[in-house]
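My entries are below, in the order I made them.

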Amino acid sequence: ANMLSVTGDGRKLALDQRLIDPLLPDDPGNKTNACAERVHRIWLEKKEKRLTLMLFCDLSTPRGEEEYSVYQDMKSKLVSMGIPEWEIAFVHDAKSDVQKEVLFGKVRSGSIRILMGSTAKMGAGTNVQRLLYALHDLDVPWRPRDLTQRHGRILRQGNENEEVEIYRYVTEGTFDAYSYQILEN
């Protein structure tokens with residue numbers, strides 16, 4: 001196997017073992033469970049002000065044909081915790097620029113409180129910062145500019161929150177540490 005293939009599998013395994021084999025169990029200590037718990041806690045704490053959260057995940061984007069999708073798994077976990085399904089959106093569901101702008105408007109107004117997407121689809125031009133309180137990096141992007149692009153969604157003018165939170169999820173003993181080292185270099 002070539003290094004790119006090994007790295008790709010390593011990144012998938014660090015995110016959720018079911019990306020390698022959908023028949024494997026949901027590990028209670030994995031990133032999606034840790035993130036879902038934190039997102040739910042913040043969602044509850046900031047409910048009154050309708051503050052919003054962004055989740056970045058470049059792997060396992062929703063395409064419909066996979067047996068297992070991190071996006072669908074995350075959404076069903078959040079819904080089972082009591083978050084209304086209509087408050088959770090995938091940027092991938094907006095197929096045109098017009099649909100994207102409508103979606104971003106709903107995030108800016110707080111009617112959609114959780115927006116999940118990839119760096120490519122939620123990078124430059126994604127202006128949803130007004131009520132954005134927390135940003136979650138579920139996986140490690142390939143290039144340093146991708147991480148900068150992600151964090152630029154929340155650390156920008158027009159965000160009404162004086163303080164914001166950025167979370168990085170790292171799975172111990174996996175490619176995550178290696179990937180962040182590559183970014184640092």
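**Ground rules.** I am working from a predicted model, where local features need pLDDT of at least 70, side-chain atom pairs count only at pLDDT 80 or more, and totals for chains, interfaces and linings use all residues. Residues are numbered from 1 along each chain as its sequence is written, and side-chain values use heavy atoms, with hydrogens and water left out.

Helices (H or I, at least four residues) and strands (E, at least two) are DSSP runs, numbered from the N terminus. As background, nonpolar side chains tend to be buried together in soluble globular proteins.

I listed contacts, that is, heavy atoms within 4.5 Å. Met-74 is in contact with Thr-32, Cys-35, Ala-36, Leu-55, Met-116 and Leu-138, leaving aside neighbours within four places in sequence. Met-116 sits in strand S3 and is buried at 2% relative accessibility. With residues up to four places away not counted, Met-116 touches, among others, Leu-55, Cys-57, Val-70, Met-74, Phe-90, Met-122 and Leu-138. I also checked Met-116 against Lys-75: they are 41 residues apart in sequence, with 9.2 Å from C-alpha to C-alpha.

**Cysteines.** How many disulfides does the structure hold? I found 0, taking a disulfide as a pair of cysteine sulfur atoms within 2.5 Å. For Cys-35, the nearest cysteine sulfur is that of Cys-57, 9.1 Å away. Cys-35 is buried, with a relative accessible area of 0%, and Cys-57 also counts as buried at 0%.

**Tyr-68 and Asp-73.** Tyr-68 lies in the loop between S1 and H3, and Asp-73 is in helix H3. Are they buried or exposed? Tyr-68 is buried, with a relative accessible area of 10%, and Asp-73 is buried, with 10% as well. Outside four places in sequence, Asp-73 is in contact with Asp-16, Arg-18, Thr-32 and Tyr-68.

**His-151.** I found His-151 in helix H5 (residues 144-151). His-151 is buried, with a relative accessible area of 13%. Its contacts, not counting residues up to four places away, are Leu-135, Asp-137, Ile-166 and Arg-168.

Arg-50 is not a glycine, yet has a positive phi of about 55°. I placed Arg-50 in the loop between H2 and S1, where it is partly exposed at 29% relative accessible area. Asn-185 is in the segment after helix H6 (175-184) and is exposed, with a relative accessible area of 85%. Asn-185 and Pro-28 are 157 residues apart in sequence and 32 Å apart, C-alpha to C-alpha.

**Pocket.** On a 1 Å grid over the protein atoms alone, a pocket is an open set of points where a 1.4 Å probe fits, with protein on both sides within 12 Å along at least five of seven lines; lining residues have an atom within 4 Å of a point. The largest pocket holds about 190 Å³ of space, the volume being that filled by probe spheres set on the points. Its lining includes Arg-11, Asp-58, Arg-63, His-92, Trp-142, Arg-143 and Asp-146. By class I noted 3 nonpolar, 4 polar and 5 charged lining residues. Ala, Val, Leu, Ile, Met, Phe, Trp, Tyr, Cys and Pro count as nonpolar, Asp, Glu, Lys and Arg as charged, and the others, Gly among them, as polar.

How values were computed. Buried < 20%, exposed > 50% of the residue type's maximum accessible area, 1.4 Å probe, protein only.
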